[in-house]
Amino acid sequence: MPIPDFVAALRSRVGTDLLWMPGVSGVVVDDAGRVLLGQRADSGQWAVISGILEPGEDPAVGLAREVLEETGVEVVVDALVAVTVTEPMEYPNGDRSQYLDLAFLCRPVSPAAAAAAHVADDESLAVAWVAPDALPDDVARSSTERLDHALARLADPSAAPFFVR
């Protein structure tokens, strides 16, 4: 996974110090109630689709871009379902980052868009539509939390987003 140019520019100044980054993740649910997951190339775990925002990018626009870039699926972003902070993480090259994550509930723009799901970049080993009650054993913990928030919103559309306090 290549490092975005703006992150590389920051890294040239701060080295491997902890960077605070804006992240987005999407729980994409199709008409059959299945969720779109990607098997991450870096960890092998299954996860909801996520990424970092470009400088000045609107979060919903950035998430739709990430989903399309990673899976080939064009989505409509329907609702913010959670605002959380990840634990600090260290990458194999020593870079450290922590993310403010905005999790959104999304849907494919059409059944044809949903059918287009495929590995579309080098960030994923596989992509799949999975029933929420039949998730793979190796789903990232952060993704199960985001799934829980999104599915709660589906069950109660009037529910407010989850915020970590």
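## Basis of the model

Helices (H or I, at least four residues) and strands (E, at least two) are DSSP runs, numbered from the N terminus. This is a predicted model, in which local features need pLDDT of at least 70 and side-chain atom pairs count only at pLDDT 80 or more, while totals for chains, interfaces and linings use all residues. Residues are numbered from 1 along each chain as its sequence is written, and side-chain values use heavy atoms, with hydrogens and water left out.

## The largest pocket

The largest pocket holds about 1600 Å³ of space. A pocket is an open set of points on a 1 Å grid over the protein atoms alone, where a 1.4 Å probe fits and protein lies on both sides within 12 Å along at least five of seven lines; its lining residues have an atom within 4 Å of a point. The volume is the space filled by probe spheres set on the points, which are joined across faces, edges and corners.

The lining of the largest pocket consists of 49 residues, and R40, D42, M89, Y91 and Y99 are the ones nearest its centre. By class, the lining has 18 nonpolar, 14 polar and 17 charged residues. Here Ala, Val, Leu, Ile, Met, Phe, Trp, Tyr, Cys and Pro count as nonpolar, Asp, Glu, Lys and Arg as charged, and the others, Gly among them, as polar. At least two lining residues come from each of α1, β1 (18–28), β2 (35–40), β4 (49–52), α2 (59–71), β5 (75–85), β7 (96–108) and α4 (141–155). Helix α4 contributes the most, with 6 residues.

## Nonpolar cores

A nonpolar core is a set of buried Ala, Val, Leu, Ile, Met, Phe, Trp, Tyr and Cys residues joined through side-chain atoms within 4.5 Å. Buried means under 20% relative accessible area, exposed over 50%, and partly exposed in between (1.4 Å probe, protein chains only). The largest nonpolar core has 15 residues, and V28, L36 and V67 touch the most other members. Two or more of the residues of this core come from each of β1, α2, β5 and β7. Strand β7 has the largest share, 3 residues. Another core, of 14 residues, lies apart from this one and includes L37, W46, V139 and A150.

Contacts, meaning heavy atoms within 4.5 Å, link V67 to V28, L36, I49, G72, V73 and V75, with residues up to four places away in sequence not counted.

R11 belongs to helix α1 (residues 5–14). With a relative accessible area of 12%, R11 is buried. A polar atom of its side chain lies 2.6 Å from the backbone oxygen of D17; a polar contact is a pair of N or O atoms within 3.5 Å, where within protein one must be able to donate a hydrogen and the other to accept it, and residues adjacent in sequence count only if both atoms are side-chain atoms. Beyond its neighbours within four places in sequence, R11 is in contact with T16, D17, L19, D95, R96 and S97.

D30 sits in the loop between β1 and β2. D30 counts as buried because its relative accessibility is 8%. A polar atom of the D30 side chain lies 3.0 Å from the backbone nitrogen of A32. When residues up to four places away in sequence are not counted, D30 touches P108 and W129.

## Around strand β8

V127 is part of strand β8 (residues 124–130). Its relative accessibility is 17%, so V127 counts as buried. V127 touches L37, G38, W46, E70, T71, A117, H118 and V119, leaving out residues up to four places away in sequence. G56 is 71 residues from V127 along the chain, and their C-alpha atoms are separated by 28 Å.

E123 is located in the loop between α3 (111–115) and β8. With a relative accessible area of 25%, E123 is partly exposed. The C-alpha atoms of E123 and R34 are separated by 21 Å, and these residues are 89 residues apart along the chain.

## The loop between α2 and β5

E74 lies in the loop between α2 and β5. E74 is partly exposed, with a relative accessible area of 47%. Its C-alpha atom is separated by 5.9 Å from that of A113, which is 39 residues apart from E74 along the chain. Not counting residues up to four places away in sequence, E74 touches L68, R107, P108, V109 and A113.
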